[in-house]
Amino acid sequence: MFRRSLLAVLVGVCSVAAATAGSAGAAAKPAAAAACSGTISIGMLAPITGPAASIGSDQLHWAQYFVSEWNKTHALKLSIVQGDTQLDPAKASVVAQQFKSNSKILGVIGPAGSQEVTAAAPILKRAGLAFVSGSASAVPLTNGKLRGYFYRVVPNDGVQGPTVASYILTKLKVKSGDSVMIIDDQESYSTGLATITGAALKSKGVTVARESIDQKATDFSSLVAKVDGGTKVVFAPFQIASQAQLLAQQLKAQGKSAVVFGSDGVFDSSKFKVDGSYISFFAPDVTTIKADAKIVNGFHKAYPGATSPFGAPNYVAAQAYAEAAMKACKKGPVTRTSLRVALAKTFLPRTILGQPLSFTRNGDVHGAAFHVFRIVKGKYLTVQ
C-alpha cells in the first residue's frame with residue numbers, strides 16, 4: 001500500500017521542541033521540528049459532536065485507525081490532536097487558532113465542511129500549516145488562492161454536479177420539459193453544488209425551480225406544496241441528514257411522487273432512510289471493495305459498529321501525511337514547511353478508495369469520480 005521508499009530505515013535524532021501554547025488568543029510559539037525517530041502531531045478539524053457527529057466521529061476514527069496501524073511498524077510515529085468544530089465555521093476558526101498556537105502540530109486533517117475551510121483557511125495558512133480535507137468539495141477552494149496549503153482527497157463539486165445531472169437525466173428518465181426542484185441550505189457547499197447541478201439540467205431543457213432553507217429548518221410544508229405532478233426529482237444538497245429524511249417523509253405524507261436525491265452531507269443510513277431516495281457521494285463504500293476487506297475488518301474490531309463513506313477518505317489523508325513525513329525526514333527533522341512541501345508531491349499507487357492518490361497543482365485529487373447510492377429497505381446500495 002505504501003511506496004517502497006517508505007520502508008527505508010530512517011535515522012537522526014532531534015528533540016521535539018516547544019510545548020502547546022495557551023489559549024486561542026495567545027501568540028504562537030515557533031513551530032516545532034519533529035525528529036524522524038519521534039512523533040509528529042497532526043491536528044484534526046471535524047464535527048465530533050453536534051448535528052453532524054455521526055460523520056465527524058467516523059472521520060476521526062478512520063484517521064486514528066490508520067495512525068494506530070502505522071505506529072506499529074514505523075519509528076516515525078503519528079499522533080492525532082482532536083479539534084471539534086460541530087460543522088460550524090465560527091468554531092472551526094477558534095480551533096484553527098488553537099492549532100496555529102500549538103507548536104507541536106505540523107499539519108492538519110480537515111476541516112470537514114467547505115464553509116469551515118473558508119473560515120479556517122486564513123488562520124491555517126498564516127500558521128504555515130498544510131490542511132487536507134476528506135470531505136470539503138466546494139469548487140472555489142482550489143482556485144489557486146490556497147495553493148501549497150489546502151488539499152483534498154475527494155473530488156470537487158465541479159465533478160459532482162454533472163454526475164448528479166447525468167444520473168437524473170439518464171437513469172431517472174427526466175427529460176426536456178420536466179421539472180426538478182433544487183433546495184440548498186444556504187451554505188457555500190450546498191449553494192455551489194445546487195448552482196452547478198441546476199445549470200447542467202437547464203442545458204438539457206429541464207425546468208429548474210430553485211429554493212433555499214436554513215440548517216435548522218424542520219417544516220418543509222411550504223416547499224412540498226410547490227411540488228406538483230411535473231416535478232420528477234427534488235435535489236437536496238443538504239449537510240444535515242435528518243433534514244433530508246424530514247423532506248422525504250413530508251413529500252410522501254402529501255402524496256407527492258417526486259424522488260429525493262441527496263448529496264454527501266446526508267449520507268447517514270441511521271438518519272436518512274426513506275426507500276427509493278438517492279445520494280451522490282464523493283467516495284465509494286469501502287466495505288464493498290474486496291481488496292479492502294482486511295483493513296475494514298480491522299477497523300470494525302477497533303471501532304465496532306457501522307461506518308460510512310465519510311470516514312475512509314480521512315484514512316487516506318492520514319496516509320498522505322505519513323508518506324510526506326517520511327519524505328521530509330530524508331532532509332532532516334520535520335517542520336510545518338518541510339511537511340507541506342513534501343505533501344504536494346504525494347503519490348500513493350493505491351488507496352482504500354480504490355484508486356491512486358496524487359494532487360493537482362491547486363490541491364485537487366487527480367482522477368476522482370463521484371458515486372451514486374439508492375436506498376433500498378434502509379440500506380445504501382451502490383448503483384453507479
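The model is predicted, so local features need pLDDT of at least 70, side-chain atom pairs count only at pLDDT 80 or more, and totals for chains, interfaces and linings use all residues. Residues are numbered from 1 along each chain as its sequence is written, and side-chain values use heavy atoms, leaving out hydrogens and water.

**Exercise 1.** Find the buried residues of helix α8 and work out how they are arranged.

*Solution.* 
1. Take buried as under 20% relative accessible area and exposed as over 50%, with partly exposed in between (1.4 Å probe, protein chains only).
2. Helices are DSSP runs (H or I, at least four residues), and strands likewise (E, at least two), numbered from the N terminus.
3. In α8 (residues 293-302), Ile 295, Val 296, Gly 298 and Phe 299 are buried.
4. Looking down the axis of α8, these residues fall within an arc of 160 degrees, so they line one face of the helix; the arc is that of the directions from the helix axis to the C-beta atoms.
5. Turned away from that side are the exposed Lys 294 and Lys 301.

**Exercise 2.** Describe the aromatic pair of Phe 261 and Tyr 278.

*Solution.* 
1. Rings of Phe, Tyr and Trp (its six-membered ring) pair if their centres lie within 6.5 Å; planes under 30 degrees apart count as stacked, over 60 as edge-to-face and the rest as tilted.
2. The whole structure holds 21 aromatic pairs.
3. Phe 261 and Tyr 278 are stacked, at 5.7 Å centre to centre and 25 degrees between the planes.
4. Phe 261 sits in strand β9 (residues 259-262) and Tyr 278 in strand β10 (residues 278-281), 17 residues apart.
5. Phe 261 is buried at 0% relative accessible area, and Tyr 278 is buried at 9%.
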